[in-house]
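Me: I would like to learn how to read a few features of a structure like this one. Please give the general idea and then the case at hand.

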Amino acid sequence: MGHGQPIATTRCASGVATGKLAVWWVLGSEIVIFGGLLACYILYRLFHDQWSVEAAHTNTLCGAINTFVLLTSSLFIVLAHKAAEEGAHLKAVKFIYLTIAGAGCFLVIKAYEWSGEITHGFTITKSLFWSFYYTAAGLHALHVIGGAVIMAIIAQDVKKKRHMHRVELIGLYWHFVDIVWIFLFPLLYIAK
Amino acid sequence: MGTVHHSPASQSRLASIWHRYLFSTDHKVIGMQYLFTGMAMAIIGGFFAYVFRMQLAFPGKEVLGYGLVNANNYNMLITNHGAIMIFWVAMPVLIAAFGNYLIPLMAGCDDMVFPRINRLSYQIFLLSVLVLIASFFVAGGGFGGAWTSYPPLSANPAYNLTPNGASLWLLAVALEFVAFLLGGINFITTLMNSRAPGMRMYDIPIVLWMIVIASVLFMGSVGPLIAGAVMLLFDQTLAIGFFDPSKGGDPVLWQHLFWFFGHPEVYVVLLPAMGITAEIITVFSRKKLFAYKTVLFTTIAVGVLSFFVWAHHQFISGIDPRMANIFTITTVIISVPITEMMFVYIATLYGGSIQFTTPMLFALAFLAEFLIGGVTGIFLGASSADIYFHDTYFVLAHFHYTFVPIAIIAVFAGLYYWFPKMFGRMMNDKLGHVHFWGTIIPFNCIFIPLFYLGAAGDHRRIYNYENFPDLMRGHMQDLRIVATISLLVMLAFQGVFLYNFFSSMFRGKKAGKNPWQANTLEWVAESPPPHGNFPTLPVVYRPPYEYSVPGRSSDFWPQNEKA
Ligand SMILES: [Cu+2]
């Protein structure tokens, strides 16, 4: 419409910046979506002991490595935020790229893991455990991909020293993606 | 539009109209987009109701404008009537249209905080509309498994016979949810952060509180259903068995996911309606809202409670009777705060100088009719009575006595009230009165017979009662005909509204800034407000309902007036 940001966007009556409020809103909606899915899984699991036979075939080592990878990438985004706050935009960009690399690494391991499972016949239709396994981890992987894309876009801005506050916002989101995995890992891998 | 001359001038004019009305980021334009889309969907939903009511009253006869209604058509019509009226009429009009239009104006700022997310929200909503309409025309026909979409019927194409319609329908609903989650970001952050200077927590008009609390309820309840929709979509397309007992799944799980959302959803649409009513009854009784804080905290209490009542929809789904008792108790408890709000509103009216304008009539009718909906709900909330009433027309009449007041009557109240602000002109009050009585009387004549029919045993999902001689005894068919004729009358009177609405838009009396002499900030702006709303953004000095303050010469006291 050829005019700039509305004044509304610059106001801050609650004391919490508007962008941060919005991210919390998104995370709130995401928490109930994953919460609903995991609650369904847990309820089934509690009443179906035989699922542990299926769960025995998940690759705990891959899951553990991926947990480590995601936690490390979360550290990188924290460092990126710190750099952005200090105004060191090129350093921030470097750490954002390292976070994206973490996301890529996570997805590569996931792809290796899944292709092995699928070739051994553990597909999404094999049994309800595997349906949940692929649905929950797949939804999470979509969030990893989405996060990586958004980080790449933000990095282009930060390179030009624009929208530096967004590094913190994507950091909040990335921690959420991390925490979801922290729930998925024990539920899908460790609980045999 | 195809015949427009392509001279540069008209081309740029066309481009500017295109920009102004289809790709605008102005909250008022987006509100109007939601309003008009919702109205168009209401016409489709109303037409569906007309067709299946004709089939019920005159089974097997050709319906004018549709043709013969077979069992599959009937199922598709009732399913989509319900889905359209709730997801594509009540939600977009009550939350999105009023929320978008009112929040920045009444909070005293120039726009929503994220105008482009706002535009995206409408575009996704429009996409959901298109997907839904497409689902009526695909091979196999539109989905007919009821708006609640219970599996295994909805999950397995071999049962529902609509392999494409069912999945498209589900996709449309999911898109609609995404649109409203995006809209909610704006509603809550705008109200939290962008209020006019001086507007403290208890200076916020009740309708804004209610819309925002409703958005929070929606956000908190819809997540599990989004997860459930993904699971159901996988059941339909990949033949997984999340909800299929033969594959180890559990169909009752869907019912939990659906109603965990479905019951709060009632309050998601009820609250904005209650808020609209609060604004109108204070203005037209020239009185302060009785017990502002009580209304606010009661609303929050209702919101919290609404998460703990959902299984009252599942009393005959094989629920543990002890669990049924718990949900009976929570359900009966939730009627307490709603009753309290009713009393507070009546106390607001008490001793006021009441003006029976069209919006006031609709607001009062909303309270009276919703009361009937609430009282009949108690029979259904009690598990013992519900076992008999479940899936009868009693249930149907009950929830139409809640949803019609919410989505139709309160919406009319709001439209008649804010029309002068939206379009700068007054609607005709005489025609408004005609429309009011032409809506309210037939509405009661439709649904009171249905209470009776339900108590007499009419099951909801029968498309031709001639096949059930037990349900054709006495005057039962006559009552069905009464309900159908009343619907025809009610629909016909909506023509009066449409005429009034569109002719007043261009030929109504000029309204001026504040035709109702109201206090809230939207009446400070021009009618209609320009892009940016206010020439200088207002500052707030007092709560919103200071009417008839003793010692003042005028009986209203705008929020932005210094003294
Ligand atoms: Cu309910």
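Reply: Begin with a term: helices are DSSP runs of H or I with at least four residues, numbered from the N terminus. This is a predicted model. In chain A, helix H5 covers residues 89-119, and Glu117(A) lies in it.

Me: Is Glu117(A) buried or exposed?

Reply: The cut-off for buried is under 20% relative accessible area. Glu117(A) has 5% relative accessibility, so it counts as buried.

Me: Now the metal. Which residues are the protein donors of the copper ion?

Reply: Three histidines of chain B: His263(B) through ND1, and His312(B) and His313(B) through NE2. These atoms lie 1.7 to 2.1 Å from the copper ion. Along the chain, the donors have the spacing H-x48-H-H. His263(B) is in helix H8 (residues 251-285) of chain B, while His313(B) is in the loop between helix H9 (292-305) and helix H10 (321-349), so this pair ties together parts that are 50 residues apart in sequence.

Me: What is the relative accessibility of His263(B), and what is that of His313(B)?

Reply: His263(B) is at 9% and therefore counts as buried. His313(B), at 22%, counts as partly exposed.

Me: Next, the interface. What area is buried between chain A and chain B?

Reply: In general, the size of an interface is often given as the accessible area lost when the parts come together. Between chain A and chain B, the buried area is about 3100 Å², and carbon and sulfur atoms give 74% of it. Chain A brings 34 residues to the contact and chain B brings 45.

Me: How many salt bridges and how many residue pairs in polar contact are there between chain A and chain B?

Reply: The count of salt bridges is zero. For polar contact, the count is 16 residue pairs, with both residues at pLDDT 80 or more.

Me: Which elements give two or more residues to the side of chain A that touches chain B?

Reply: They are helix H1 (7-10), helix H2 (18-47) and helix H6 (128-159) of chain A. H2(A) gives the most, with 14 residues. By class, this side of chain A has 20 nonpolar, 13 polar and one charged residues.

Conventions
Residues numbered from 1 in each chain as written. Chains lettered and ligands numbered in written order. Predicted model: local features only at pLDDT ≥ 70, side-chain atom pairs only at ≥ 80, totals over all residues. Heavy atoms only, no water. Donors = N, O, S within 2.8 Å, 3.2 Å for Na, K, Ca; no water. Buried < 20%, exposed > 50% of the residue type's maximum accessible area, 1.4 Å probe, protein only. Contact = heavy atoms within 4.5 Å. Buried area = accessible area lost by both parts, 1.4 Å probe. Salt bridge = Lys/Arg side-chain N within 4 Å of Asp/Glu carboxyl O. Polar contact = N/O pair within 3.5 Å; in protein donor to acceptor, adjacent residues only side chain to side chain. Nonpolar A, V, L, I, M, F, W, Y, C, P; charged D, E, K, R; others polar.
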